[in-house]
Amino acid sequence: MISRLRGTVAEATASSVVLDVAGVGYELGISNTTAAQLPPVEASCLLFCRLIVREDAMTLFGFATKEERTMFDRLVAVSGVGPRLALAVLSTFSAPELYSVVMAEDVKGMSTVSGVGKKTAQRLILELKSVFAKGGVPVEGIPVLPGQAAIEAPAAAGGAADEARAALLSMGFSPQEVDLALDGYDGRDMRVEDLLAAALKRLGMDA
């Protein structure tokens, strides 16, 4: 399994990049989000990778951050969602934005993704919400899932940090990574989505 590649950018477009790694050119599919973060041609670059194996092809995909790769994994785990559609979603939303859209059940927002109609948007939200909820979030009766309250109003002191922690754990980060990402934040005067964005940025910088 190819987990990450560090090399020189040989070619780049909005949907793909070729990394020269010790004289070997690796072509990776990328989202617009990752494309916007690529350095210039001939510059050094590190991408986190996912190799998708099919009967007729082996395709590499690259991501600027670990959290984007984690979201890619969550998306392709949904029935009927292939790598290209997953990249289209990640080209439209950042990781925290996607989490907020799913938890808010924002069908209209999800439908803005190229190639996603209303029915597909509804199914994506339903299945992703279930995936996120399985990430250690306690469920009692009809749950208020992490991120929902933050969309409308600031969370109470301490509550934002707790909900952000649950959200990060559901994305696949380890407890140690989450502790590092949230170190110094107490949840006061911050919405969950803002705290989550700050934590994800810290994780990406530390990667």
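1. Basis. This is a predicted model, in which local features need pLDDT of at least 70 and side-chain atom pairs count only at pLDDT 80 or more, while totals for chains, interfaces and linings use all residues. Numbering starts from 1 along each chain as its sequence is written, and side-chain values use heavy atoms, with hydrogens and water left out.

2. Barrel. Five strands form a closed barrel in the order β1-β2-β3-β5-β4, with mixed pairing. Strands are DSSP runs of E with at least two residues, helices are runs of H or I with at least four, and both are numbered from the N terminus; two strands pair if DSSP finds at least two bridges between them. From one strand to the next the twist averages 55°. Angles run from 0 to 180 degrees between N-to-C directions, with axes fitted as lines to C-alpha atoms, for helices over the stretch in contact.

3. First pairing. β1 (residues 4-12) and β2 (residues 16-21) are antiparallel and share four bridges. Within this pair, Glu11 stands opposite Val18 in β2.

4. Helices on the sheet. Helix α2 (residues 66-76) touches β4 (44-53) and β5 (58-63), and its direction makes about 15° with that of β4. Helix α3 (residues 83-92) also packs on the sheet, touching β3 (24-29), β4 and β5, at about 10° to the direction of β5. Contact means heavy atoms within 4.5 Å.

5. Pocket. The largest pocket holds about 220 Å³ of space. A pocket is an open set of points on a 1 Å grid over the protein atoms alone, where a 1.4 Å probe fits, with protein on both sides within 12 Å along at least five of seven lines; lining residues have an atom within 4 Å of a point. Its lining has 15 residues, with Thr65, Glu67, Ser94, Ala95 and Pro96 nearest the centre. Elements giving two or more residues to this lining are α1 (32-37), α2, α4 (95-103) and α10 (192-206).

6. Glu127. This residue lies in helix α6 (residues 118-133) and is partly exposed, with a relative accessible area of 27%. Buried means under 20%, exposed over 50%, and partly exposed in between (1.4 Å probe, protein chains only). Beyond its neighbours within four places in sequence, Glu127 contacts Val78 and Ser79.

7. Positive phi. Most residues other than glycine have a negative phi. Glu42, in the loop between α1 and β4, has phi near 80° and is exposed at 62% relative accessible area. Glu105 has phi near 55°.

Technical notes: Grid points are joined across faces, edges and corners, and a volume is the space filled by probe spheres set on the points.
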